[in-house]
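Work through these exercises with the model open. Try each task before reading its solution.

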Amino acid sequence: DGARIAYFQDVRLGPARTSAATAADRRLAIHTLATGSVDLFDLQLVGMGHPTWSRDGPSVIIQGTDTEGRQGLLQIDLETRAKVPLAMTREATDPRRIAPTTAPDGRSVFFHLVYPSPKMLQLRDEGGIASLELASGTEKVVIGGRLTAFAVSPDGQWIAKTSTRDGLQEN
């Protein structure tokens with residue numbers, strides 16, 4: 001509804017720190033525009049990013065890595081502060097789920113599906129854009145290939161994308 005903004009904020013705990021911020025210093029921040037108040041959520045994750053609002057309002061979906069090294073998508077309930085894993089890796093060779101965006105109808109989440117490689121997260125042909133149906137947990141690749149960015153149309157019928165092939169950018 002546009003009343004709040006979700007983002008990640010680095011916080012400093014304890015005495016002034018001279019080192020760079022780490023994942024332990026990051027909090028999910030929910031900023032209420034009307035009042036200016038900011039509510040910080042300590043999610044106890046070792047990595048997190050890309051918050052996107054669920055269409056039901058009181059929750060945010062993020063990409064994150066838990067303390068056991070599993071990476072994937074988690075839903076954060078803003079009222080109870082519960083963390084619900086939606087789709088998480090099981091093995092180090094499993095694809096990573098990054099940059100989630102909620103479908104306009106709220107029934108699924110689109111995201112980049114990126115396979116790990118020796119150079120961390122490198123775009124490879126077997127990745128792409130995938131969707132996760134929230135009710136059933138069914139995941140499927142919607143568009144395969146080396147995709148660098150995407151956007152879902154307001155009616156949910158189209159996906160705009162950019163991709164790379166052999167280092168060349170395509171639209």
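**Exercise 1.** Which residues does D66 touch, not counting residues up to four places away in sequence?

*Solution.* Keep in mind that the model is predicted. Start with the location. D66 is in the loop between β5 (59–65) and β6. Next, list the contacts. D66 touches L45, V46 and M88 once residues up to four places away in sequence are left out. The D66 side chain reaches the backbone nitrogen of E68 at 3.0 Å. Finish with accessibility. The cut-off for buried is under 20% relative accessible area. D66 has 12% relative accessibility, so D66 counts as buried.

**Exercise 2.** Which side chain of opposite charge is nearest to R96, and how far away is it?

*Solution.* R96 belongs to strand β8 (residues 96–102). Now search for the partner. The nearest side chain of opposite charge is D94, 6.3 Å away. Apply the cut-off: a salt bridge needs a side-chain nitrogen of Lys or Arg within 4 Å of a carboxyl oxygen of Asp or Glu. R96 has no salt bridge, yet R96 is buried. Now turn to the backbone. The R96 side chain reaches the backbone oxygen of D94 at 2.7 Å.

**Exercise 3.** Do β6 and β7 run parallel or antiparallel, and how many bridges join them?

*Solution.* Take the strands. β6 spans residues 71–77 and β7 spans residues 83–88. They run antiparallel, joined by five bridges. Pick out a facing pair. I76 stands opposite K83 in β7. Now look at the connection. β6 and β7 form a hairpin, with five residues between them. In the turn, R81 has a positive phi of about 70°.

**Exercise 4.** Where do Q44 and A99 lie?

*Solution.* Begin with Q44. Q44 lies in the loop between β3 and β4 (47–53). Q44 is not a glycine, but has a positive phi of about 55°. Move to A99. A99 sits in strand β8. A99 also is not a glycine and has a positive phi of about 55°. Check the accessibility of A99. A99 has 19% relative accessibility and therefore counts as buried.

**Exercise 5.** How many helices and strands are in the chain, and what percentage of its residues count as buried?

*Solution.* Count the elements. The chain has zero helices and 16 strands. Then take burial. Of its 171 residues, 36% count as buried. The accessible surface comes to about 9,900 Å², with 51% belonging to carbon and sulfur atoms. Close with sequence separation. Among contacts between residues at least 6 apart in sequence, 34% join residues at least 24 apart.

Terms used. Residues numbered from 1 in each chain as written. Predicted model: local features only at pLDDT ≥ 70, side-chain atom pairs only at ≥ 80, totals over all residues. Heavy atoms only, no water. Helix = DSSP H or I, 4+ residues; strand = E, 2+ residues; numbered from the N terminus. Buried < 20%, exposed > 50% of the residue type's maximum accessible area, 1.4 Å probe, protein only. Lys, Arg positive; Asp, Glu negative; His and termini not counted. Polar contact = N/O pair within 3.5 Å; in protein donor to acceptor, adjacent residues only side chain to side chain. Pairing = 2+ DSSP bridges. Contact = heavy atoms within 4.5 Å. Areas by Shrake-Rupley, 256 points an atom, 1.4 Å probe, with all protein chains shown as cover.
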